[in-house]
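Biologist: Hi! Could you walk me through this one?
Modeller: Happy to, here it is.

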Amino acid sequence: MTIDTTTNVVNAATSLSSKLGAAELERPLRISVPDGVEPMQHLLTSSVPHLMDKVTALSNAVYGTSTLPLREFEAARVRIAQVNGCLVCQNWRSARDIPNRRHEQIPEEWYEHLDGDLDWDGYTERERLAYEFAGRFAEDHHSMDDEFWTRMHTAFSDDEIVELTVCTGAWMFSGRMLRVFGVDAATCRI
Amino acid sequence: MTWLTETAPGPTEHDRVLGLRPAAAERSAELFNEIYSSAADPVLLELCRLRIATLHGSRWDLAYRYASAVAAGLSEDVVQALPSYPTSPLFSDQQRRCLGFAEQYAMDVQGLTDQDFAQVADTMSVPEMTAFTFALGMFDGMARFRAILDIEPDQSEGV
């Protein structure tokens with residue numbers, strides 16, 4: 001399966017624009033983009049096409065082959081989006097934006113509680129742990145102490161932990177890329 | 001040694017761990033190869049990768065050297081001096097700017113300012129800056145991955 005990454009992230013960003021404050025939307029675009037060209041499109045496909053082919057292949061390997069339940073996948077992904085401050089990633093919905101996961105629906109309420117209400121009874125322990133894992137991965141992986149790993153090993157197999165780690169690393173990469181160049185905010189302004 | 005109890009077959013611990021997700025591992029390796037083979041300055045990339053590895057505590061990354069960086073003149077004396085890069089005479093101004101940017105990227109990307117960005121971007125073309133940032137993203141993600149899973153370097157992989 002091949003995912004049209006650029007089209008999907010533009011769609012995700014555009015639908016977020018009405019929810020954002022002015023300060024976020026006004027973050028500067030840090031590259032020059034030709035008139036009439038969408039910033040994300042320009043960055044991803046025009047600037048470094050030799051690398052973009054490889055990045056797309058890696059993205060497809062992560063998104064297209066994941067065996068994690070979608071809610072756990074999304075809990076970790078959203079946490080990385082929050083840490084990176086990437087607007088596109090925060091509005092990405094994998095059940096909507098990944099073709100082979102469109103049969104798995106997650107209500108918007110589930111996403112809303114990820115913003116500071118992890119005690120919400122709609123989450124499973126694995127979903128909470130996936131969210132916590134991603135946060136520690138991104139903000140302070142040195143804080144992953146024995147107590148944390150005991151909880152992780154109780155809930156996840158080693159194989160699942162490796163998959164979660166691979167996915168989380170890939171999200172860190174893509175979200176930070178968009179954030180650094182400001183193309184996430186620029187795309188939301190369209 | 002990694003704490004994982006399940007691994008795939010392979011000659012090194014790195015191969016055995018990444019072999020659990022072969023598609024992602026292969027695509028990641030291809031991207032790394034492209035990053036280094038197309039880099040205008042592979043030594044600069046290697047210094048940034050090793051600095052990020054130090055911040056994240058990735059033993060594998062600290063032991064490994066990409067061949068293209070070594071071929072381009074990477075010096076172990078410079079590698080050893082990385083902790084003092086802001087003041088060491090072994091580093092050029094460009095290397096200092098890029099290493100500072102790499103640190104900020106790895107530790108707090110939301111705190112990266114327009115000035116941080118400009119002091120590196122003003123010295124590169126847009127494709128070079130994009131490629132450099134792509135590289136930092138991969139270095140950051142993979143160093144965290146290897147540190148968290150505690151992947152140990154094999155003797156054949158170390159310097």
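Biologist: Which side chains meet in a salt bridge at 3.1 Å, N to O?
Modeller: Those of A:Asp159 and B:Arg21. A salt bridge here is a side-chain nitrogen of Lys or Arg within 4 Å of a carboxyl oxygen of Asp or Glu. This is a predicted model, where local features need pLDDT of at least 70, side-chain atom pairs count only at pLDDT 80 or more, and totals for chains, interfaces and linings use all residues. Residues are numbered from 1 along each chain as its sequence is written, chains are lettered from A and ligands numbered from 1 in the order in which they are written, and side-chain values use heavy atoms, leaving out hydrogens and water.

Biologist: How many salt bridges does the rule find across the interface of chain A and chain B?
Modeller: Four.

Biologist: And which helix of chain A gives the most to the side that touches chain B?
Modeller: Helix 11 of chain A, with 15 residues. Helices are DSSP runs (H or I, at least four residues), numbered from the N terminus.

Biologist: How many residues are in contact?
Modeller: 44 residues of chain A with 44 of chain B, contact being heavy atoms within 4.5 Å.

Biologist: Switching topic, how many cavities of 30 Å³ or more are there?
Modeller: Two. On a 1 Å grid over the protein atoms alone, a cavity is a set of points where a 1.4 Å probe fits but cannot get out. Grid points are joined across faces, edges and corners, and a volume is the space filled by probe spheres set on the points.

Technical notes: Helix = DSSP H or I, 4+ residues; strand = E, 2+ residues; numbered from the N terminus. 1 Å grid on protein atoms, 1.4 Å probe; cavity = no way out; pocket = protein on both sides within 12 Å on 5 of 7 lines; lining within 4 Å.
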